[in-house]
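Look at the structure below and follow the charged side chains first.

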Amino acid sequence: MIRQHGLNDSLITASDRSFQYGDGCFSTLLIKQGKIQLWDYHQERIQACLQCLAIPSPDWSIIEDALNHIAKDEQQAGIKLHISRGDGGRGYSPSQRHPAKITLSRFDFPAHYHQWRRHGVMLGVCEQRMGLNPLLAGHKHNNRLEQVLLRGEMDRAGYADGVCLDLNHHIVETTMANLFWVKKKTLYTPSLDNAGVAGVARRMILQSATSFGLTVEIGQFSMEHLIAADEVFISNAIIEVAPIIGIVNHPYAIGRYVRYFQESFNP
């Protein structure tokens, strides 16, 4: 754990507000050849969430130094950067002044992601629906109970991941990634104004789409719109881009645009 003043500590107390209320945010970072990928995007997203939650900004130079120290000898791995408001005593009020707690957790790159990138993933469709929460939509805050419940549903159904819809039956994302599909020359992805997480890989994909001759449409889409796609893929910071080869009983070919976007993460 990194405290605001830069000293290390290994203790998280039971009064920590992230433990008690999910009061904080996190981001999961990919290391390649000793370098943190898309760090500027991660930092900007975390900063936006901290501002939304009214948590004071940390000393980013200390965090970046610590991340680079972990990353320098790694060829491929991940780091979870987690920020809690800190110890807050009893009750919801965030007014008690305590230093934020920052933890860094290194983990091995998931071996099955190599297969997913190359050969694709089958998706289910979650029966449970995500709530509408425009106050926190887009942010990767520490309360992820909806994702826990939806991923558990897909585990029981035998799918590696699943499409998540909101209460209005609009597609949001999958349980672990942002969702994209291509129809003709248009790249579609759901709006995240009411639910979901705005991933850093999603941001990179949207910025690079025009270089592949695609127009971009962000909006509210039904499952029927997705099912009619020519190709489908998912993205997050660790897997980057993986093709979808089927949604329940509907198959998809691995198309050229999926491979284009995969290559864009490996210049």
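In this predicted model, E240 and K32 form a salt bridge, and their closest N and O atoms are 2.8 Å apart.

E240 has a relative accessible area of 5%, so E240 is buried. K32 has a relative accessibility of 15%, and therefore K32 counts as buried too.

E240 also forms a salt bridge with R117, where the closest N and O atoms are 3.4 Å apart. E240 lies in strand 13 and R117 in helix 4 (residues 112-119), so this pair ties together parts that are 123 residues apart in sequence. R117 counts as buried because its relative accessibility is 16%.

Another salt bridge joins the side chains of E74 and R106, with 2.6 Å from N to O. This pair, too, links distant parts of the chain. E74 sits in the loop between helix 3 (60-71) and strand 4 (76-84), while R106 sits in strand 5 (residues 101-108), and the two are 32 residues apart. R106, with a relative accessible area of 39%, is partly exposed; the partly exposed class covers values between the 20% limit for buried and the 50% limit for exposed.

How many salt bridges does a search of the whole structure find? The search finds 10. Among the residues involved, R17, D23 and R85 are joined into one network by salt bridges that share partners.

Now turn to V258. This residue lies in helix 8, which spans residues 256-264. V258 has a relative accessibility of 1%, so V258 counts as buried. Which residues does V258 touch, leaving aside those up to four places away in sequence? They are E231, V232, F233, V241 and P243. As for A201, 57 residues away from V258 along the chain, the C-alpha atoms of the two residues are separated by 13 Å.

Note on methods: Residues are numbered from 1 along each chain as its sequence is written. This is a predicted model: local features need pLDDT of at least 70, side-chain atom pairs count only at pLDDT 80 or more; totals for chains, interfaces and linings use all residues. Side-chain values use heavy atoms; hydrogens and water are left out. Helices (H or I, at least four residues) and strands (E, at least two) are DSSP runs, numbered from the N terminus. Buried means under 20% relative accessible area, exposed over 50%, partly exposed in between (1.4 Å probe, protein chains only). Contact means heavy atoms within 4.5 Å. A salt bridge is a side-chain nitrogen of Lys or Arg within 4 Å of a carboxyl oxygen of Asp or Glu.
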